[in-house]
Amino acid sequence: MGKAKVNKTSCIGCGACVASCPHAAISIGPDGKAVVDQSRCVGCKTCESVCPISAICVQE
């Protein structure tokens, strides 16, 4: 299974992915963009489904 990746150009830092991640693998970094902790991400795609602008995806 893949891991979540953030498109830093598109990410608006809304936090929807942070709030939805059941593994606490996503945070908002100092640049105001989502950051994925790859060691915690299990590739469940929850973040991908809630991102309003499709800035985060799980690559298989």
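Cysteine 41 counts as buried, with 8% relative accessibility, where buried means under 20% relative accessible area, exposed over 50% and partly exposed in between (1.4 Å probe, protein chains only). This is a predicted model, in which local features need pLDDT of at least 70, side-chain atom pairs count only at pLDDT 80 or more, and totals for chains, interfaces and linings use all residues. Residues are numbered from 1 along each chain as its sequence is written, and side-chain values use heavy atoms, leaving out hydrogens and water.

**Cysteines**
- You will find zero disulfides here, a disulfide being a pair of cysteine sulfur atoms within 2.5 Å.
- For cysteine 41, the closest cysteine sulfur belongs to cysteine 47 and lies 6.2 Å away, too far for a bond.
- Cysteine 51 is also buried, at 16% relative accessibility; its sulfur is 5.9 Å from the closest cysteine sulfur, that of cysteine 14, so the two are too far apart for a bond.

**Cavities**
- The whole structure has two cavities of 30 Å³ or more; on a 1 Å grid over the protein atoms alone, a cavity is a set of points where a 1.4 Å probe fits but cannot get out, and lining residues have an atom within 4 Å of a point.
- Grid points are joined across faces, edges and corners, and a volume is the space filled by probe spheres set on the points.
- The largest cavity has a volume of about 90 Å³. Its lining comprises 14 residues, with Cys11, Cys14, Cys17, Ala34 and Cys51 closest to the centre.
- The second largest cavity has a volume of about 70 Å³, and of its 13 lining residues, Cys21, Cys41, Gly43, Cys44 and Cys47 lie nearest the centre.

Terms used. On a 1 Å grid over the protein atoms alone, a cavity is a set of points where a 1.4 Å probe fits but cannot get out, and a pocket is an open set with protein on both sides within 12 Å along at least five of seven lines; lining residues have an atom within 4 Å of a point.
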